[in-house]
Amino acid sequence: MEVCGIDPGLEVSGYAVIAINSRSTTIREAGICRTDPHAPLPERLAQIEADFNTILERWRPQAVGVEQLYAHYKHPRTAILMGHARGVILAAAERMGVTVYSFNPTQVKRYLTGNGRASKTQVQRAIMASFGLTTPPEPHDVADALAIGLCCANECRQTQRQVARV
């Protein structure tokens, strides 16, 4: 089974496709999608949609994990703009018929490190350990997408176990 983890962003979005089976979890592909920060918003959203359609069509994951938005009271505009990017990604997954899971950033960090307030560096180190990598994934958007993908894989495994019990 393959799952895709996505760290949505308007300028940079991280993504990771990971394969899971009963014995292992492996990275199939991981990277970032960029938009031109000077382009009009509709153009940027169209680029995000095209990029994620390509990823979803290439890999055909059974599930997609997407980070939920968090809003800092000092920067509400940032959350609104990020919401546009996340919405386009959710719509692309829905059109492909892919199950979508949403994860709170603290939930992802807690699952991966045991600490919901873990730093970016701690998340990168945990990803290195989880996948046996010799260098940290860069930029941090890729590490975040891998972390979200691991949470999604865990959620899928739990769902499969529950279905098997019924």
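Reply: Let us start with the contact itself, bearing in mind that this is a predicted model. From helix α1, the residues Leu41, Leu45, Ile48, Glu49, Phe52, Asn53 and Leu56 meet Leu81, His84, Ala85, Val88, Ile89, Ala92, Ala93 and Arg95 of helix α2. Sorted by class, this contact of α1 with α2 holds 11 nonpolar, 2 polar and 2 charged residues.

Me: At what angle do α1 and α2 pack, and how far apart are their axes?

Reply: Helix α1, residues 41–59, and helix α2, residues 76–95, pack at an angle of about 35°, and their axes are 9 Å apart. The crossing in which α1 passes α2 is right-handed.

Me: Which residues of helix α3 are buried, and where on the helix do they fall?

Reply: In α3, which covers residues 105–113, the buried residues are Pro105, Val108 and Leu112. Viewed down the axis of α3, these buried residues fall within an arc of 65°, so they line one face of the helix. After α3 comes glycine 114, which has a positive phi, near 85°.

Me: Is glutamate 2 buried or exposed, and what does its side chain join?

Reply: Buried means under 20% relative accessible area, and glutamate 2, at 15% relative accessibility, therefore counts as buried. Glutamate 2 lies in strand β1, residues 2–7, and its side chain is joined to that of arginine 28 by a polar contact of 2.7 Å. Leaving aside neighbours within four places in sequence, the residues in contact with glutamate 2 include Val17, Ile18, Trp59 and Pro61.

Me: How should I read backbone angles, and which value does phi of arginine 60 have?

Reply: As a general idea, most residues other than glycine have a negative phi, and most peptide bonds are trans. Arginine 60, a residue other than glycine, has a positive phi, near 50°. Arginine 60 is placed in the loop between α1 and β4, and with a relative accessible area of 52% this arginine 60 is exposed.

Me: Is the peptide bond from glutamate 138 to proline 139 cis or trans?

Reply: The bond from glutamate 138 to proline 139 is cis, and its omega is near -10°. Proline 139 belongs to the loop between α4, residues 120–131, and α5, residues 140–165.

Me: How far apart are threonine 54 and alanine 92, in sequence and in space?

Reply: Threonine 54 and alanine 92 are separated by 38 residues in sequence, while from C-alpha to C-alpha they are 9.9 Å apart in space. Threonine 54 has its place in helix α1, and at 41% relative accessibility threonine 54 counts as partly exposed.

How values were computed
Residues are numbered from 1 along each chain as its sequence is written. This is a predicted model: local features need pLDDT of at least 70, side-chain atom pairs count only at pLDDT 80 or more; totals for chains, interfaces and linings use all residues. Side-chain values use heavy atoms; hydrogens and water are left out. Buried means under 20% relative accessible area, exposed over 50%, partly exposed in between (1.4 Å probe, protein chains only). Helices (H or I, at least four residues) and strands (E, at least two) are DSSP runs, numbered from the N terminus. The arc is that of the directions from the helix axis to the C-beta atoms. Axes are lines fitted to C-alpha atoms, for helices over the stretch in contact, and angles run from 0 to 180 degrees between N-to-C directions. A crossing is left-handed if the near helix is turned anticlockwise from the far one by less than a right angle, and right-handed if clockwise. Contact means heavy atoms within 4.5 Å. Ala, Val, Leu, Ile, Met, Phe, Trp, Tyr, Cys and Pro count as nonpolar, Asp, Glu, Lys and Arg as charged, and the others, Gly among them, as polar. A polar contact is a pair of N or O atoms within 3.5 Å; within protein, one must be able to donate a hydrogen and the other to accept it, and residues adjacent in sequence count only if both atoms are side-chain atoms.
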